[in-house]
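My notebook is open, and I have a protein chain to explore.

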Amino acid sequence: MKTPYAHTPTIRQQIDPTCTNFRVFLLKTPLFPSNHSILRVNWEFSAMLIYTLIYSLLVFSNTYALDVLNSDVVVKNVGRSIDITSQLVKVVYQFTFENKGKNSEKYVLFAVEPQFKDKVAFVGSQIKDFKLKAVETKIQNHEDKSFWRIDLKSPLLPDKTVSFDVELIAVKALVPYPAEITQREKQLVKFSGNAFVYSPYKVLSQTTTIATGTKNIESFSKLQPSKQVDKGVSYGPYENTEPFSEAGITVHYENNSPFLIITRLERTLEISHWGNIAVEEDIDVYHHGAQLKGPFSRYEYQREANSGVASVKSFKTVLPASAISTYYRDEIGNISTSHLRVNSDSVELELRPRFPLFGGWKTHYILGYNVPSYEYLFNSGNNYVLKMRLVDHVFDNMIVEELVTKIILPEGAHNIKFSVPYPVTRLPDSKHYTYLDTKGRPVISVKKNFVVENHIQDFELTYVFPRILMLQEPVLLVVAFYLLFLFVIIYIRLDFSISPEEPKKDRTTYTGLCQKLITHQVKRLATFNLIDKEVNSNKNQNALAAALKPINQEYKFESTIINDLLAKVKGDANEKVSKLAEAQKLDKVLKEHYTQNIERYISGSMGKSQLLEELNSKKKTELVEKINSLLS
């Protein structure tokens with residue numbers, strides 16, 4: 001005899017987040033015989049309560065699974081370096097944490113300053129050459145703040161210390177001040193930050209160094225202790241600062257570095273199993289520095305070295321060392337103002353837009369190249385792995401507001417899995433159709449905002465592609481050509497006309513056409529005599545040219561009639577027709593002889609005597625005699 005729990009569903013079967021299949025599953029698997037209907041209903045009701053309780057606990061735990069801030073951990077020392085020499089704000093923290101509690105810690109928390117909260121593009125951490133995992137998280141009672149959890153290489157034991165670096169990159173944190181400048185003025189920007197390290201832990205000692213890259217510092221906040229150093233400003237040391245301490249500072253300085261933002265970059269990777277990967281980047285670039293005030297003078301820009309110092313004339317893009325067939329174009333066409341330099345480990349492409357980029361100006365271009373697939377595509381049987389960069393270098397200190405990467409796989413690829421070392425948004429898959437495609441090629445698309453050079457990392461895409469499908473395109477070509485040749489054979493062999501054949505011309509009509517041909521050819525030959533007469537009578541080139549116009553018109557008129565008559569008798573294989581066609585060819589040679597010499601005389605490159613000599617030459621006499629003999 002079976003126990004009442006013999007058909008009890010497993011926990012995995014019970015937990016269905018949609019809550020739609022639970023009762024259906026229970027009804028499909030009866031727990032008791034039909035004569036125990038009351039007990040069966042009670043068991044179903046109890047199971048529903050248990051399931052609801054478990055599901056609610058799971059939802060609650062996922063919603064409120066917040067990391068804990070341990071106040072026993074302190075920052076023993078931190079040195080902060082802020083690099084604002086480019087358009088990016090690069091902050092490097094050199095932390096030394098100390099655990100003063102009794103329990104070990106597996107992670108520490110890193111807080112982002114409020115002014116950088118919506119401008120953070122990258123956060124990374126490492127101990128020497130070992131990268132630590134940094135994940136954005138939330139802290140209870142501090143939901144309005146931005147935190148990153150940094151998992152340690154090994155747990156931090158009580159009364160022990162650990163040192164590591166944290167790198168933060170913020171975009172659009174430098175504000176041009178003034179917002180507009182003339183063509184000759186230099187660009188000044190303003191940086192606003194915090195004199196203290198914004199830490200969730202108590203900081204025992206800290207210093208901050210801000211590198212401006214120039215001595216031209218207009219002003220900076222003088223929060224003691226602080227001082228201006230060579231090409232920068234330093235703050236601190238500060239001792240025993242409380243968690244989340246803030247003291248606003250600003251630095252106003254000169255910064256003429258390129259303030260270029262890529263507003264949109266669409267990168268397309270088309271994979272071919274015939275040995276090639278085609279890469280194309282559709283790029284929109286915008287200069288978000290101080291806008292140009294007043295008109296632009298290209299003369300002044302080219303003449304004076306200090307004119308437009310904040311503008312961008314060109315920038316360099318680094319391509320893979322194996323890149324070939326590079327092209328650089330826009331809506332107008334190919335942009336020839338580019339220089340390609342092949343290095344041992346890369347290909348350096350200097351791109352020069354059609355016009356310099358000032359603040360508020362933008363441009364658009366398309367860059368493409370090909371790379372061999374064996375460097376990026378690996379396989380084991382029908383299983384393939386593609387390892388390429390999600391984004392590649394465009395220019396130094398780049399900012400990409402919106403990146404869309406599309407990966408076009410061969411037709412027939414399936415079981416596609418995509419992984420990338422940082423969070424991205426996976427867009428819906430689509431299809432791409434090109435020549436000899438039937439079902440379309442699968443396209444994997446991902447999107448990410450605020451991309452910097454630190455995001456130049458490889459993604460991994462695995463898929464299954466049966467090798468037999470590589471024969472699809474050759475077979476389609478063979479079938480297409482076979483059908484084409486078959487159609488041509490059928491079309492030539494069979495008569496598809498629905499009208500009867502035209503009757504052959506009778507002999508009388510044929511003789512009349514030949515006689516008309518001879519008459520008109522004689523008339524056309526007579527035009528050469530008229531040309532000889534005008535050459536002998538006119539001493540002036542202009543007068544000769546005017547006199548020859550009606551003669552040439554008469555020649556063209558007769559030639560038109562002759563061509564029409566020849567077309568009518570062309571199908572007749574007759575000796576007379578052959579002679580008339582031969583006379584037509586000789587007449588063209590004679591006309592070219594006259595035309596060339598007369599044009600040389602009118603242009604002044606030949607004298608009158610030389611012209612007469614050519615028009616009465618032996619060549620001309622022989623041509624006329626041959627034509628007369630054929631017409632006779």
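Which strand gives the largest share of the lining of the largest pocket? I looked it up, and strand 4 does, with seven residues.

**Ground rules.** I am working with a predicted model, where local features need pLDDT of at least 70, side-chain atom pairs count only at pLDDT 80 or more, and totals for chains, interfaces and linings use all residues. Residues are numbered from 1 along each chain as its sequence is written, and side-chain values use heavy atoms, with hydrogens and water left out.

**Entry 1: the largest pocket.** I first noted what counts as a pocket: on a 1 Å grid over the protein atoms alone, it is an open set of points with protein on both sides within 12 Å along at least five of seven lines, and lining residues have an atom within 4 Å of a point. Volume is the space filled by probe spheres set on the points, which are joined across faces, edges and corners. The largest pocket holds about 870 Å³ of space. It has 30 lining residues, and F122, V123, G124, W148 and Y422 are the closest to its centre. Strand 4 (120-127), strand 5 (130-132), strand 6 (134-137), strand 7 (146-156), strand 8 (161-170) and strand 31 (441-451) each supply at least two residues of this lining. Strands here are DSSP runs of E with at least two residues, helices are runs of H or I with at least four, and both are numbered from the N terminus. By class, I found 14 nonpolar, eight polar and eight charged residues in the lining. For the classes, Ala, Val, Leu, Ile, Met, Phe, Trp, Tyr, Cys and Pro count as nonpolar, Asp, Glu, Lys and Arg as charged, and the others, Gly among them, as polar.

**Entry 2: the second largest pocket.** This one has a volume of about 330 Å³. I found 19 lining residues, with S272, W274, P410, R441 and E473 closest to the centre. Strand 17 (260-272), strand 18 (276-287) and helix 5 (472-493) each give two or more residues to the lining. Strand 17 has the largest share, three residues. The lining splits into nine nonpolar, five polar and five charged residues.

Entry 3: Next I looked for cavities, sets of points where a 1.4 Å probe fits but cannot get out. There are three cavities of 30 Å³ or more. The largest cavity has a volume of about 60 Å³, and its lining includes I181, T182, A310, S311 and F358. I followed up S311, which sits in the loop between helix 4 (298-303) and strand 20 (315-319). Is S311 buried or exposed? S311 has a relative accessible area of 12%, so it counts as buried. The cut-offs are under 20% for buried, over 50% for exposed, and partly exposed in between (1.4 Å probe, protein chains only). S311 and K186 are 125 residues apart in sequence, yet their C-alpha atoms are 9.7 Å apart in space.

Entry 4: I came across a cis peptide bond between Y177 and P178, with omega about 10 degrees. P178 is in the loop between strand 9 (174-176) and strand 10 (180-181). The C-alpha of Y177 is 6.1 Å from that of K190, 13 residues away along the chain. K190 belongs to strand 11 (residues 188-194) and is partly exposed at 29% relative accessibility. The bond from Q224 to P225 is also cis, with omega near -5 degrees. I noted two positive phi values as well: K172, not a glycine, is at about 55 degrees, and N415 is near 50 degrees. K172 is partly exposed at 34%, whereas N415 is exposed at 54%.

**Entry 5: helix 7.** Helix 7 (residues 541-569) has 29 residues and reaches 41 Å from its first C-alpha to its last, close to the 42 Å expected. The expected span is 1.5 Å times one less than the number of residues. Where does helix 7 bend? I found a bend of about 30 degrees at K549, with a proline, P550, following within four residues. A bend is the angle between axes fitted to the seven residues ending at a residue and the seven starting there. Buried residues in helix 7 include L544, L548, I551, Y555, I562 and V569.
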